[in-house]
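Welcome! Try each task yourself before reading its solution.

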Amino acid sequence: MFKCKTSAEVGGMGHSVKRKEDARFLHGKGNYVDDVKLPGMLTMVMVRSPYAYAKIKSINKEKALAIPGVLAVITGEDLAQYNLHWMPTLLSDTQMVLPTDTVMHQAQEVCAVIATDRYIAVDGAEAVDVQYEPMDPIVDPFKALDKDAPLLRPDKEDQKDNQIYHWERGDRAKTDEVIANADVVVKERIHLPRIHVASIETCGCVASYDKDTEKLVVYLTTQAPHAIRTVVALVAGHVGLSEEKIRIISPDIGGGFGGKVPVYPAYVVAIAATFLIGKPVKWIEDRSENLVNGFARDYHMDCELAATKDGKIQAFKVSTLADHGYTDSSANPSKYPTGMFSICTGSYDYEHAFAELDAVYTNKAPGGVAYRCSFRVTEAVHAIERMVDKLAAKIGKDPALLRLENFIKKEQFPYSSPLGWSYDSGDYEATLKKAMDMLGYDDYKKEQAQKRKEGKLMGIGISTFTEVVGAGPSKDFDILGIAMFDSAEIRVHPTGKALARFGTKSQGQGHETTYAQILAEELGIPYTDIEIDEGDTDTAPYGLGTYASRSTPTAGAAAAIAARKLRDKGKKIAAYLLEVSEEDIEWEVGKYFVKGAPEKSKTIQEVVFAAYTNIPPGMEPGFEATHYYDPPNLTFPNGAYICVVEVEKETGAIDVKRFVAIDDCGNIINPMIVEGQVHGGLTQGIAPAMYEGIEYDDEGNVLNGTFMDYLVPTAVESPHWETGHTITPSPHHPLGAKGVAESPTVGAPPAIANAIIDALAPLGIEHLDIPITPAKVWEAIQAHS
Ligand code: MCN
Ligand code: CUM
């Protein structure tokens, strides 16, 4: 008799099955953009500006074109003939593809050299003679709005100064009033510096246009292939590139982390070049180019938190200055220019809040590119979590206790936040208590008291954050007008094996495994029998891609619902095969059986075979389903992180002793993959907290544009992460799951900062901006002793 399969046997939800994609990666058989080699392929190298702000007086191509193998030098003037020298950013600002007269930041693309191989192209780029007339750049965003500041974007008609926009949310007057009358108010200016994701694979593309078929194929390091296809069609439609003739293929990606969401100028130049030359053109960014372009964050936040004298939080206000460089290339939904920043009220229950933000232009590379951030949630979480600690220090209350007393309670969900979000679910108290138990919080408190008596610097830092992921309900969320739903398409073959395709695109998150697990759970087909395919716009259903931890909340939900459609069809087939009515059929993992007579059953495989061979009269043959999922709300994961550090007074050296991270992302599809995501995310949390930060000199030169001085933590710098979870299912997601991938990056930096500042508290140090390096700590210690 048929042995009933269990969820564990088919690799369903909640099981740590091994990643299907790893065999290919571990054996060196991944297929990345740079592995794509097409017949007759040419190589493109960009010439970049040494100046942050300069007029281009002339570009002389002659010497470059004289080098054998150099075929073309493409300038902004060349593109202007086709009106392709400007393009939209994802936030409807405009960005130069190549400049015709002015360069706006150091390392901006000035022109492109196309040659038969990379060595020749590099020689060609060196031989291009560009004459510049340097101008005084605006580097400090606080000076961008000065009356005598030069107008950086005269190309934009409405632009009378360097302010890009003002945004605000909440009740300013009421919040000000509560702050004015509060017992206690803590204030701080907090800066989250520019940083850059340093994925192992840099950006790149191979663009190939065939004049006979009029088809453009672009292999591209992109997290959002469909959106890119539509944008290319909208931008280049006028030169004859229409959407059905454009195919974007996102092959294996060696890390995206948000840096592979934007459209970079070189992609457009490569596409223009293949279109004009008729041969495939490859562009692969080198490490130095990668490190000085496309930055995240750069928010200067003036925060005020008001409370009663015993610590009941009453109001939060934050006024932010955002440095966007010379164009706003934030990868945020149209209606949310500051992303989900208004989640900044955090995990606490109070009524009054106000957030405002002014975004300005400066002579820096495009800002607002993501860094594992969930649309500005890192900034928001850092602001509130630092301020809650500051409040605790001010009133002399244990920061854990202060949080426990102010948390939104589990029975208050769905919770309407003062700045307009509806948090779906959570049990913040349980999450923090679990973290405290795992750490042994009370013992560390005692140890700290003892160490302080001995004059030693030890700190304990907490962050209890609320995330917001899964964009999104399409009525509110779109990118350049394209609604943010996502999709799944399942084909089950006659022998019961399946192929499923998605509108998202894994960059290392393990989608080939976890989507197969969702389908295994819903259909009872072993996850190893299900192929997952993403990233090719000619085959995958339309979707908005993978970023902002949205794949599980959107495409994961689409997978479950599409599978359920198939299960309903299967039920009809099973009823027909078993000669009973549909109402008499029941389902358990992998089989349909007759109510009360479990021995009368059909496996999912038998039912699928019948869908192709023995179809009930009147039924449409085949076993395929598609679903486009438009979520009713976002999901709100949360976490409680606690960090213990010791600081050496003499040197400022920081030793992270313990780091405990409890995450709640609702129901979990694959615990091992989630743990891996959390480990990676925590490392990308300690990175900006202690190491990473792009610095500029007064001329607008990037001072740390190499790995020699832009410090990316390795396994050596990373502490031993101790992870765990609580589970509060999302009430509106079909699997009860929430996204998780960015939570650790969002939650970790304030825990680390709070711990270091707590260690330094006995010296009277109240705040330090990240990255908190030993040098910064040493200087602060000197200034306070
Ligand atoms: N997962 C799960 N159970 C849950 C939630 C998630 O098992 N309740 C699994 C998912 O099935 C998926 C993984 O965890 O395999 C991440 O899922 P999710 O949180 O939905 O995030 P996305 O798949 O949308 O990934 C995007 C996210 C972002 S925005 C950045 S940035 C980031 C990150 O993923 N970039 C990464 N993690 C990365 N990991 C790698 N290796 N490389 C990147 O570039
Ligand atoms: Cu915000 S980094 Mo991810 O969204 O690709």
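Buried means under 20% relative accessible area, and partly exposed means between that and 50%. Keep in mind that this is a predicted model.

**Exercise 1.** Work out whether Phe485 is buried or exposed.

Solution. Start with the relative accessible area of Phe485, which is 19%. The cut-off for buried is under 20%, so Phe485 counts as buried.

**Exercise 2.** Describe how the rings of Trp167 and Phe341 are arranged, and say what the pair links.

Solution. First, take the two quantities that describe any ring pair: the distance of the centres and the angle of the planes. For Trp167 and Phe341 these are 6.4 Å and 65 degrees. Planes over 60 degrees apart count as edge-to-face, and that is the label for this pair. Next, locate the partners: Trp167 is in strand S9, while Phe341 is in the loop between strands S16 and S17, so the pair ties together parts 174 residues apart in sequence. Finally, both Trp167 and Phe341 are buried.

**Exercise 3.** Find which residues place an N or O atom by an oxygen atom of ligand 2, and give the distances.

Solution. Begin with side chains: Gln223 has an N or O atom 2.8 Å from a ligand 2 oxygen, and for Glu742 the distance is 2.9 Å. Then turn to the backbone, where an N or O atom of Ala548 lies 2.4 Å from an oxygen of ligand 2.

Methods:
Residues numbered from 1 in each chain as written. Chains lettered and ligands numbered in written order. Predicted model: local features only at pLDDT ≥ 70, side-chain atom pairs only at ≥ 80, totals over all residues. Heavy atoms only, no water. Polar contact = N/O pair within 3.5 Å; in protein donor to acceptor, adjacent residues only side chain to side chain. Phe/Tyr/Trp six-rings, centres within 6.5 Å; stacked < 30°, edge-to-face > 60°. Helix = DSSP H or I, 4+ residues; strand = E, 2+ residues; numbered from the N terminus. Buried < 20%, exposed > 50% of the residue type's maximum accessible area, 1.4 Å probe, protein only.
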